[in-house]
Every structure is written in C-alpha cells, then in structure tokens.
Amino acid sequence: MDKKEYIEYVEARSKKSPIIQNLIRAFLIGGAICSLGQALLELYRLFIVELKDAQALVSITLIAIAILLTGIGIFDNIARVAGAGTLVPITGFANAIASCAIDTKSEGYVMGVGAKIFSISGPVILFGTFSGVIYGIFYYFITMFWG
Amino acid sequence: MKKEIITFSRIPKIVSYYSVVGNKEHSGPLGACFDEWCEDDKFGKDSWEKAESEMQRRALAGVIRKANLEDKDLDVILAGDLLNQCVGSTYGLADFNVPYLGLYGACSTCAEGILLSSCLYGGGIVDVCGAVTSSHYCSSERQFRFPLEYGGQRTPTAQWTTTGSGAFIIGSEGKTSVKEALVGRIVNKGVSDINNMGAAMAPAVIDTLTRYFNESQHSPKDFDLIVTGDLGYEGSEIIKDLLLGNGIDIRKNHVDCGLMVFNRDTQDVHAGGSGCGCSAVVMAGSIVPNLEAGILKNVLFIGTGALMSPMTLSQGESIPAVAHLVHLSSDLGG
C-alpha cells in the first residue's frame, strides 16, 4: 500500500465529527449567547441613552463573562459541547486571549504572557486589520467617484 | 537473510517496576493497579513541566525502593519524555546522581528504554539499568496543541495524553525475562493529522510485526497478549485489519495501552490514551505484574512513537513513526 492509498484508506475508515449534532448544538448555544446579548442590550438601554454605548457595554459584558469562565476553568467544558456556538461570538475571541495568558504565565509576564497572549488570536487581529485597510481603500475610491 | 531480532546470551530480567499517575488515570479502568497517584495533577509543583519531572522523580525513587536497592546501585538510567529537549527527565532525575542517557522516542520511549536497557545488560555492559518515561496531559497539550483552557472541539480520532510515569529496573533478578527485541524502522505513510496519530503510527507497527513474524519461529497465537502502546482505537483497528491482509491474525490477543488506561465511553478521551507515560504505566501497572504472577506467559510489547515536532507539523510535514518490539516472558507458569 503506497502513501496515497494508505491516506485514502485512513480517511475512508476514520470516524468523522458528528456534523449535524455539532451544528444543532452550535445553533442552540450560540443562539443563547446572542439572545443573552440582546437581553443585556435591552436592559442597558433602560439606563443608557446612546445605542452605541449600550452596544459596547454588551460586548464588554460578554467578554468579561467569557474571561471569568475561562479563568475558573469552565469555558473549555462548555466549548467542548458548544463548538462554534462559543467560538464565533465575541466569547471565543476572549477565550482565545485569556487561555493563552493563563497558559503562559509560568514563563513570566514579559516573555510569557506578553509575547504569547495573541498566539491564537494574532492571525485574526492581523488579517482583520489588513482586510479593514483594503476595504477602506476601496471604499475611499468608490465613494470618491460614485459618492 | 540478515538476523534482525536481538537475542541475549545473558537474559535480562525486569527486577522491579513502578507507576505514578494523575487523577484521570486513577479514575480509569486500571486505577487500582498503579503504585502511586496524585489527586492534584500539578503534583504539588507550580508548573506543569515541574509536575512532570516530579512524577519521574517519584517513579524512579519508587522503583528503586521496591527493588530494595539504593540510588548508587544503578549503573545507568535511560529516560525520556515528550517535552522539548526531554526536560521532564533531566530535571526530574538530576538529584539521583546516576549516569544518565536521554531518549526520545515519543510514545515508543518506554519500549525503547526497556529494549536498550536489555541490550546494555544482555551485552554485559551494565548490571543494573533503570528505564523511566513520563508524559503529562497538561505539558503536552501546551507544547503540541492549544492552551489548556482554550475552548475547542476534538475530533473523534484524537487521543488523550496520559498523565503518568513508569519506571523499570532491568538486571539479573526477576521473574520476567526479556527474551527478544526488535528495533523499529522509521515509517512515514503520509498522515499529517495530529488528531489521528493512531493512523500515523499503525504502519510502523505493521512493519515491525511483519519483520518479527517473518524472522521468528513464533506465530501470533504463541502470545497471550500482543500489546501496542499506544495506537488508540483508530490505530488498533487499522493494524488488525491490515495485518490480517498480510496473513498475520492478531485479532484475538491484541490489546492497546491507550484503550486500557481510560474508559472511552465515560472519560471523554475519544480514541484513547497516548503519550510516553501511557504504555509505561500500563506495562508497570498491569502487564508486567501479570507476567510476574504467571497469569501471562508470553507477551509482545510494541511501543509506538509518532516522531513529529510542533515545528514540522506547522510546516505541513507528515508524521514519521517508529515501533520497537520487546518479547517478555514469565519465568513462572506453563
């Protein structure tokens, strides 16, 4: 059996991730997180006039909850079930940063936490910013001619 | 044909064995078999790496104590683990003041240690030799995968690194003999998925077992057990299937350390256990005691290692694997 045949053999027999089950769980838990966000927004709107301020506070609250749950070791247990349900909302991003910070503390605050805190979220930050720049340039020229 | 199976004129014996495990392993099916366990996976230390070293220290201290020896009686120790530069071993064993040789064979390290110890003893080079290996879920996870608290999902073929350390002393006194050994060849069949290491390692086991049975007078049915460590569920199924195609039927007596150390149904370990410590603690906790008691007579132990590094993985390289074989035999029983 050569390499190609072996890879095909392995892929054919290995059990795949249960996609339907994962999708349903992600939908339910992700949906629940977003509903919580909406509920928080409604709540904050009672005290805060500006919509943008209330929205920012919702993000901050969800981030704080995700980081707290990461710190006390619960987040990964929820995420094991939720999958994309916790990964896609802002909670996933908060967890990616907080878990790196916790993990690298033993290497010190500078070369550990400082250097490695963005080791998972780094690509998102880099390419997110980069695509923002590209979009901005296009937006600038398009609105210049057709604006 | 060139003789590849190593035999010994001076028969090496397993003098003593000792296992130290973490909490999850203690809660597993073999929980009661291990010599020592710690509820706190940090073993009283402040980092996971120090915890792994502490396990090795306890394992070697335990195996020396159990053999009624002293540190200075050991002529050499061979030790290894999964951490970069094998620091689990060097930091853990520094205080013993015994000549030291470091090994890296990933999950095959336990078999490699027993094999090399047997060669050193069998060749008359040393009289008492120690072999120690360890792995720790938390330190491995950090090095090879993601931070511990990172919220991700595992695929069904992924394996769970065992937290444990196993130590053996090879010498002249003992009820278990190392009859034969076969050094594995590096086999790379192109699997590059770290979440399917069983499939990456299976071809190495097939290579080693095929070489062994081609040269040996024995057939699989001569062995009470053919123990692989550790292919997990996926790799175990692959070797049984493909070896059958080569005319070697090990379906009846094959067991895998990765499937023995955890309960896959209740412990959320997906395809089973892995790591240098996995086969070490299963051998020291279950297989060797059963050989010593004469419950098992002949056992083939094949340690399987996936020899990648985080660097080669991120460069997209496929995983090379190796499988070393030792034939253990009980001096008791029929």
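Chain A folds into eight helices and zero strands; helices (H or I, at least four residues) and strands (E, at least two) are DSSP runs, numbered from the N terminus. The order from the N terminus is α-α-α-α-α-α-α-α. Its radius of gyration is 21 Å, well over the 15 Å that the globule rule gives for 147 residues, so chain A is more spread out than a compact globule. That radius is taken over C-alpha atoms, and the globule rule is 2.2 Å times the number of residues to the power 0.38.

This is a predicted model, in which local features need pLDDT of at least 70, side-chain atom pairs count only at pLDDT 80 or more, and totals for chains, interfaces and linings use all residues. Residues are numbered from 1 along each chain as its sequence is written, while chains are lettered from A and ligands numbered from 1 in the order in which they are written.

Start with confidence. The score is pLDDT, the predictor's confidence in each residue, from 0 to 100. Chain A averages 94, and 99% of its residues score at least 70. Within chain A, helix α3 (residues 51-71) has the highest mean, at 96. Helix α5 (residues 84-87) of chain A has the lowest, at 90.

Now the overall form of chain A. The C-alpha trace spans about 65 × 50 × 40 Å along its principal axes. Of the 147 residues, 20% count as buried. A residue is buried if 20 or more other C-beta atoms lie within 10 Å of its own, exposed if 12 or fewer, and partly exposed in between, with C-beta atoms placed from the backbone. Two residues are in contact if their C-beta atoms, placed in that way, lie within 7 Å. Among contacts in chain A with a separation of 6 or more, 54% link residues 24 or more positions apart.

Next, the interface between the chains. Here 26 residues of chain A are in contact with 19 residues of chain B. On the chain A side, α1 (3-13), α4 (75-82), α5 and α6 (90-103) each supply at least two residues. α6(A) gives the most, with seven. By class, this side of chain A has 11 nonpolar, 10 polar and five charged residues. For these classes, Ala, Val, Leu, Ile, Met, Phe, Trp, Tyr, Cys and Pro count as nonpolar, Asp, Glu, Lys and Arg as charged, and the others, Gly among them, as polar.

Look at α6(A) itself. It has 14 residues and reaches 20 Å from its first C-alpha to its last, close to the 20 Å expected at 1.5 Å a residue. The expected span is 1.5 Å times one less than the number of residues. In α6(A), 11 of the 14 residues are buried, so the helix is largely enclosed by the rest of the structure. The buried residues include Gly92(A), Ile97(A), Cys100(A) and Asp103(A). The buried residues of α6(A) pack against α2 (19-45), α3, α4, α5 and α7 (109-116) of chain A, together with α5 of chain B.

Cys138(B) lies in helix α5 of chain B. Cys138(B) is partly exposed, with 19 other C-beta atoms within 10 Å. Leaving aside neighbours within four places in sequence, Cys138(B) is in contact with Asp41(B), Trp48(B) and Leu148(B).

Chain B is divided into domain 1 (6-171) and domain 2 (176-330), with bounds from an automatic or database domain assignment. The C-alpha centres of the two domains lie 17 Å apart. In all, 52 residues of domain 1 of chain B are in contact with 54 residues of domain 2 of chain B. α4(B) gives the most to the domain 1 side, with seven residues. That side divides into 24 nonpolar, 22 polar and six charged residues.

Finally, some backbone details of chain B. Most residues other than glycine have a negative phi, and most peptide bonds are trans. Phe43(B) has a positive phi of about 45° although it is not a glycine. Phe43(B) lies in the loop between β3 (36-37) and α2 (48-66) of chain B. Phe43(B) is buried, with 21 other C-beta atoms within 10 Å. Cys86(B) has a positive phi near 55°. The loop between β4 (76-80) and α3 (87-93) of chain B holds Cys86(B). Cys86(B) is buried, with 20 other C-beta atoms within 10 Å. A cis peptide bond joins Gly229(B) and Asp230(B), with omega about 5°. Asp230(B) lies in the loop between β10 (225-229) and α7 of chain B.
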